[in-house]
Structure formats: C-alpha cells, structure tokens
Amino acid sequence: MDNYSFFFLSIIIIIAVYNYLNSKIKRLEKEISELRKKPVTQHENLDIPKPIADSTEIKEEIKISSQPEIHEEIPAEKNWTTPIFDFLKQNALTIIGIFTLVLGIGYFVKYAIDRNWIGETSRVGIGFLVGAGIIAVGHFLRKNYSAFSSIITGGGVAVLYFTTTIAFREYHLFSQTTAFSITCLITLISIALSYYYKSEILIIFSLFGGFLAPLMISTGQSNYPFLFTYLTVLNIGMLVVVFLKNWRSVGWIAFIFTILYLFYWTSEQTEINSIYFYIISYIIFYAFALLDYFKNDIISKYNILMLILINFSSIIGLVYIFNTLQYKPIIIFPLVFATVNGIIFYKEFSKRHHGINYSVFAALTVSLITIAIALQFETHLITSVWAVEATLLLFIWKKTNQNIFKICFYILFPLVIIAQIITWGQYAYVQNLKIVFNPVFLTSSVTVITTFANLILLRKLSDNESETNFFEDLFTILSYGVIYVALLLEIIYHISEKPLVTITCIAILYTITFIFGLLIFRKKLEINNFFELGIVYIFLILIVYHTSFTGSVLVDNILEKINKESFYGIYLMYLIPLIIIGYNILPKTDFYKSNYGYWAICGTIVITVSFEIYRLYILGNTPTLSESYQVQKHFSILYLPIIWTVLASIFIYLGLKNNISELNKIGFALIGIMILKLYSYDVWQMDNVSRIIAFIILGIILLLSSFLFQRLKKIIKNLVDSKQENKEHENIESQ
C-alpha cells in the first residue's frame, strides 16, 4: 500500500510542477509576443551614420564585391554529422526521457504479466496502443516543439517494432510473413511521417527499424533472396527521400547496413544469385553519390568517399564470389566499373576546365583498371584492392585537400600492411612457387608499386606544409620497410634449400644494396637528414657484421667443401657500395659533422681490411679447416700489427693533410692499441726469428711514419706562413 501511495503522490507532484512551469512559460511567451508587436517610436537616441558616398558608387561597389571568385577547391558542404551531434547535445534529456518511458512501460507490462493480469494477446494490444499513443502525442506537439516531437514519435515507432518482435518471437501470435508485413507497414508509416514532418531524425529512427526488422523476425532459416528484395525496395525508397529532401545521412546508414548484409551473405552462403543484388546495390548507391553531380555538376567530399567505397566494396564481394565458385573471367567486374567511371571521366575530359571532378573520375578509372590487371595475374584480392584504394584516397586527398580522405588513408594503410603480412605468410607453407610470376610476389609487387606512388604523393603534399607530422614519418618508414621485405622474402624463398650461411650472405648483400640505393637517390626521394644518418649507421653496422661473422663462417664452409670458393667473390661484392659510399656519398652528407662519424667509418675500415686480408691469407695457405688454426695464430701475431700500423699511418697522414684532428686521434689510438697488443701478448707467442722480423719491420714503419709526420707538419707550417706573408704583402701594397 505504501508503494502505491508513493506512486500516486509522485504523479501529483509531477503534475503540479509541470503546471507551474507551463504557466511561467506561457507568461514569458505572451510578454515576448507583446514586445514584438510594440512599435519603435523613439529615434533620437539612435546614431544613424551619414551617407559617405553617392548611391551610384555604393551600387557599383556592391556589384563589384558581389562578383564570385572562382576557386579550384572542392565545393563546401555542410557536414551531415554536425546537425546530428548538435541535436543530441541539445535534446539529450528528451532522448533519455523517452528511453526511460519506454523502459517503464516495458517493466509495467512485465509486472502485469508476472501477476497474470493480462493475457498474451492483450499484452501485444497494449504495446501497439501505447506505441500509437506516443506517436499521437508527438503529432500534436509537432508545431511548437518539432525536435521534441520527433524524439517522441521515434520512441513510439520503437515501441511498435519491439511489440511486433515480442509477439512473433516470444508469444508466436504471428507467422513470419505476418510479422514481416507488420514491420514493413511500421517502416512505411514512419517514413511517411518523417517526410510529412520534414524530420531527418525521425527517418533515421525509421531506417534503423527497417534494416533491423529482418533480424527481429528471423527464425534462423536463411532466405536471402527475399531479404535482399526487401532491402532493395528499402534502398530505392531511401534514394527517393534523398533526392527530395537531400538528407545525406540516410544514404550512409542504408549503405552501411546493405554492405554488412551482403558481405555476411557472401561469406555464409556463396551463391551466384547474390551477384544480382551486388549490382543493384552498386547502381543505387552510385546514383546516390552522383545526385549532386547531376543536379549541380559538383561532387562533395562525402560523395567522393561514397564513390570509392561502393566501387571497391562491390569488387571485393563480386570477385570473391567468382573465385569461390570458380567462374571466369574475374576481371569482368573491375573492367565494367572502370567503364562506368570512364564514361563520366570522358565527359569531364571533354570540358575545357579540368577540375576536381576530372581528377576523381580519372583516378577511379585508372585504379579499377589497375585492379583488373592485378587480378588477372591471380594476386590476392583483399591486399591488392586495399593497396590500390589507399593510393586512390591519398591522390584525392592531394587534389581536394579534405582531411576525411587523409583520415581514411591512415586507417586503411595499416590494414594493407596487415593483409600483406598475411599474404607473405604463404611463403612458409606453399611449395613450388614460380620465380617472380607467383601470386604472393605479384601481390607484393602491387603493394610495392602503390606504396612507392604513396611516397611520391606524400612528398608533394609535404611541400605545401611547414613540417611533417609523426604519422607521415612513420608512414615513410613503413613504406620503405614494405618495399624491402617484399623483395627480400621472394629471394629467400627461392634459395631456402641453400646452406644457412649462403642465405645469410645473400640477405645481407641485398640489404646493403637496398640501403645503397636509398643513399644514391636520397635527394630525389627527399630523405631527411635524420633518416639519412640513421641508414648510414645501419649500413656500417651491417658491413661490420658481414665481414666479421658471415665471412668467417663462409671461410670455414669453404674449407669444409660445403660452399665453393667462387661464392667468396659474391660475398666480396659488398666492397663496391662501401667504397662508393665512403668516397663519394658520405662527404656530401652531415655524417662528418659529428666526430662520431670519423670513428665509425675508420673503425669499419680497420675491421674490413683486417678481416679480408686475414681470410685471403687463410684461403691461400690452408687446404683444410683443421690446419687453419695455426695459420690464424701466426697471422694475428705477425701480420695484424703491421696492418694496423699502416692504417694508423694513413689516418694520421689524411688528418694532417686535410687538417682533421679527429683522424690524427684515431691513428694514434690505433697505434696505441697495436703497441699494447704487441707487448702484452704477441711478443710472448713468437719464436725468435718471428720476433726479430716483427720488431724490425714494425720499428721501420713507426720511424717512417714519425718522419713523414714531422715532414708533413713542417710543410703545412711553411704553407701557412707563406699564405700569411702573401696576405700581409697584399695589405701593404693596397695601402
């Protein structure tokens, strides 16, 4: 009893508060209407500016200023999401209220059912009456409270949908055909009310209900032809509404639901009949995207995005069906879609002025033809389509400067990387792939070509910006990584039966060559200084690893007859890029601006020269691996100090000649290491003859180095003094 008293007391309080607030609102509305009717009688306090020019001049000025300026930019369009979010912010309380009311009615009905107050048929009847009553309330409030009435009406439509669903699924009062007919009738009524009320929000409610209706009355048995016939009728109605009212959000909601239904049908039950519904949906949404184009000869950014999505999503579905059912030729759909876009492209090409429309349809046509060529070579569908689509988005971003395409590109490109990684995974289990002309590498080729095109487009976009952002730098690194890995995996796959050292050697040589190419074309690729220095240090690290580890294992394999001696010549090919980079490229970069650069390159030279002379000595003096250990010891004790001394002398000479003090430090540091090694270890391992020879040769080299050092120092001093005297002489003559 207390609960009922509290309930009725709450109702009375709510009614009293409502009457109080309603009376105040009416009083305020009356005062506002009286103020509007009151005439303005006092003008003396108004400051009316005097005319400063003749009326003819003013008209001419207005005429000149009113002339429109012609721009090459995409026409401005109101973002269709903005009014939706504004509506939600302004009417959040109303939405929560109608949602709470629907829940309250539902709980009341449940409470009544639990106590057996009403039967199943009565429950459904109450649901329909409540829904109709809420719609009626919204109808009476539409004139003064349009937004509020739209939400109220939408709530009533939701009650009708839920009632029909419960009546069919829980109580089995209707057959599936009857329930579906009722949901269709509710959808038609709500669409008619939306058009009558001119309410975009209400038609969104209606559209959600229309597309969710098949799920509400589903029995688990797939009747896809009937489903998509219904969806086609719904999409045609959507197209008519968009044509009459220009409510773009309606088209996007219909597109999302339709594509989801089509993809689910395609993956769940692949049938040839689904092709017809793909084509019908393509025509409907292609027409939706071109409504503004046919009306005003303009294409907004969201229409361009719709053109891209409908073309590429349709290709994915249709080609998947053909591949699954093994129909040929699979390129028919990309070519047909390319022809459709090519017709409009030709129309734009015939015009004198080639604007954004021309660029969009040209890019679409070329992209679709590219996909057709890629699919003809049996590349992987998703990877190829996404790669081309990403490049298309980037190209249109460049042409329109609309951030929506930039965002879509940054979302899609990581998906391209993921799809490509999955494609590369086939190297692990697919056998007997042809060289180059295999689906995996051809797919990688499509990704590589589109990625390289992306780099060029991104570089041109960055020319107009003061600085590149983190995502663009990350994209650049990922792009070079994709190009590098695509070729590397193809090479490794076809030499996978070779010895491990052979695979490692070829992989490192390829990596060194790839970095060498980046450094050669660094200006054309516009590689920034930070990235340039990074790949130089990576290059030197690879050289050190290649000479110290790979070369050592290779020599052991040659001595054990696992590898042929001729392969050692292939191994030495790394010297070509090393010499070119060290002699021609590094002096033109910022590598030597830091002292660490001198130490890095000199350390690489010392390691490379030492190891290569050592290996040539081993290969020339030992026929087997077991005999090489004694030769290694002899070389380390006798010849290595001499090599280091010669290199140190060269560093010191170059440092004095070019006035680079860091080279002098490196030279003397190397001599110090050599002397420390000689006196602490080598001298105790030599026999008497070797010890005498080593000390004599080393002493002569050190004395000659010292002599040359002193002589060169004197020559440099004389040159400096001579230049100073000539300068003083010229100053005296000028005075």
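User: Which residues touch the most other members of the largest nonpolar core?
Analyst: Happy to start there, keeping in mind that this is a predicted model. The largest nonpolar core holds 162 residues. Helix 13 gives the largest share of this core, with 14 residues. Those touching the most other members are Phe228, Ile308 and Phe361.

User: How many residues are in the other core, the one with Leu160 and Tyr161?
Analyst: That core lies apart from the largest one. Its members include Leu160, Tyr161, Tyr197 and Met216. The count is 10 residues.

User: Which residues does Phe361 touch, not counting those up to four places away in sequence?
Analyst: Good one to look up in the viewer. With residues up to four places away in sequence set aside, the partners of Phe361 are Tyr286, Leu290, Tyr293, Ile299, Leu307, Asn341, Ile344, Phe345 and Glu348.

User: At roughly what angle do the axes of helix 10 and helix 13 cross?
Analyst: Helix 10 covers residues 248-268 and helix 13 covers residues 301-325. Their axes come within 11 Å, and helix 10 passes helix 13 in a left-handed crossing. Angles under 35 degrees count as roughly parallel, so helix 10 is roughly parallel to helix 13. The crossing angle is roughly 10°.

User: Is Thr232 buried or exposed?
Analyst: Thr232 sits in helix 9, residues 224-245. Leaving aside neighbours within four places in sequence, Thr232 is in contact with Phe277, Ile280 and Ile284. Its relative accessible area is 13%, and because buried means under 20%, Thr232 is buried.

How values were computed
Residues numbered from 1 in each chain as written. Predicted model: local features only at pLDDT ≥ 70, side-chain atom pairs only at ≥ 80, totals over all residues. Heavy atoms only, no water. Axes fitted to C-alpha atoms, helices over the stretch in contact; angles between N-to-C directions. Helix = DSSP H or I, 4+ residues; strand = E, 2+ residues; numbered from the N terminus. Parallel < 35°, antiparallel > 145°, perpendicular 65-115°, else oblique. Left-handed = near helix turned anticlockwise from the far one by under 90°. Core = buried A, V, L, I, M, F, W, Y, C linked by side-chain atoms within 4.5 Å. Buried < 20%, exposed > 50% of the residue type's maximum accessible area, 1.4 Å probe, protein only. Contact = heavy atoms within 4.5 Å.
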